[in-house]
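I set out here what I looked up, entry by entry.

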Amino acid sequence: MRLVIQRVKRASVTVEGTITGKIDDGLLALVGIEDKDTPDDSQWLAGKLVNLRIFDDENGVMNRSVTDINGGILIVSQFTLMASTKKGNRPSYIRASKHEVAIPMYEQFCDNVTSLLGKPVQTGIFAADMQVELLNNGPVTIFIDSHLRE
């Protein structure tokens with residue numbers, strides 16, 4: 001699994017003119033899933049997301065997590081995170097999981113994050129044409145791959 005995490009002042013996702021998820025201060029997490037991902041990958045990434053210390057403390061040092069600031073999390077599925085650009089200029093998405101694998105893993109990830117966060121996460125709609133708006137705070141953007149764990 002891959003995550004692109006953005007620290008935001010606000011973020012929302014809209015599908016067909018309706019807002020399906022919206023947060024103020026917190027994290028926007030774009031998630032990509034491939035067939036080799038396991039429940040362990042989901043749990044590990046959920047823990048990283050919820051406990052990542054990228055919010056300023058009273059001294060202006062990034063030392064607080066989203067739970068420390070009582071922030072929200074908006075999770076959006078994004079198969080394009082699994083893109084391979086090795087050959088040519090047209091990305092290949094062959095590594096991205098098909099719906100029958102990706103949907104249960106995405107839902108499990110959302111459940112894992114909700115459990116660790118202690119409140120429901122906001123989401124988009126899996127495989128929908130989503131319009132994502134955000135105000136990146138910092139900017140702070142972090143990429144994590146559960147298979148690299150660095």
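Which residue forms a salt bridge with Arg-95? I found that Glu-34 does, with the closest N and O atoms 3.2 Å apart; a salt bridge is a side-chain nitrogen of Lys or Arg within 4 Å of a carboxyl oxygen of Asp or Glu. Arg-95 lies in the loop between β6 (72–77) and α2 (99–117) and Glu-34 in the loop between β3 (26–32) and α1 (39–51), so this pair ties together parts 61 residues apart in sequence. Helices (H or I, at least four residues) and strands (E, at least two) are DSSP runs, numbered from the N terminus.

I noted the basis of these entries. The model is predicted: local features need pLDDT of at least 70, side-chain atom pairs count only at pLDDT 80 or more, and totals for chains, interfaces and linings use all residues. Residues are numbered from 1 along each chain as its sequence is written, and side-chain values use heavy atoms, with hydrogens and water left out.

I then looked up accessibility, where buried means under 20% relative accessible area, exposed over 50%, and partly exposed in between (1.4 Å probe, protein chains only). Glu-34 is buried at 6%, while Arg-95 is partly exposed at 33%.

I counted 5 salt bridges in the structure. Another of them joins Arg-2 to Asp-145, with 2.9 Å between the closest N and O atoms. Arg-2 belongs to strand β1 (residues 2–15) and Asp-145 to strand β8 (residues 130–145), so the pair ties together parts 143 residues apart in sequence. Arg-2 is buried at 14%, and Asp-145 is buried at 9%.

I recorded a further salt bridge between Arg-64 and Glu-58, at 2.8 Å from N to O. Arg-64 is partly exposed at 30%, whereas Glu-58 is exposed at 63%.

I next turned to Asp-57, in the loop between β4 (55–56) and β5 (62–64). Asp-57 is buried yet has no salt bridge, and the nearest side chain of opposite charge, Arg-64, is 6.1 Å away.

Finally, I looked up aromatic pairs and found 2. Rings of Phe, Tyr and Trp (its six-membered ring) pair if their centres lie within 6.5 Å; planes under 30 degrees apart count as stacked, over 60 as edge-to-face and the rest as tilted.

Key. Lys, Arg positive; Asp, Glu negative; His and termini not counted.
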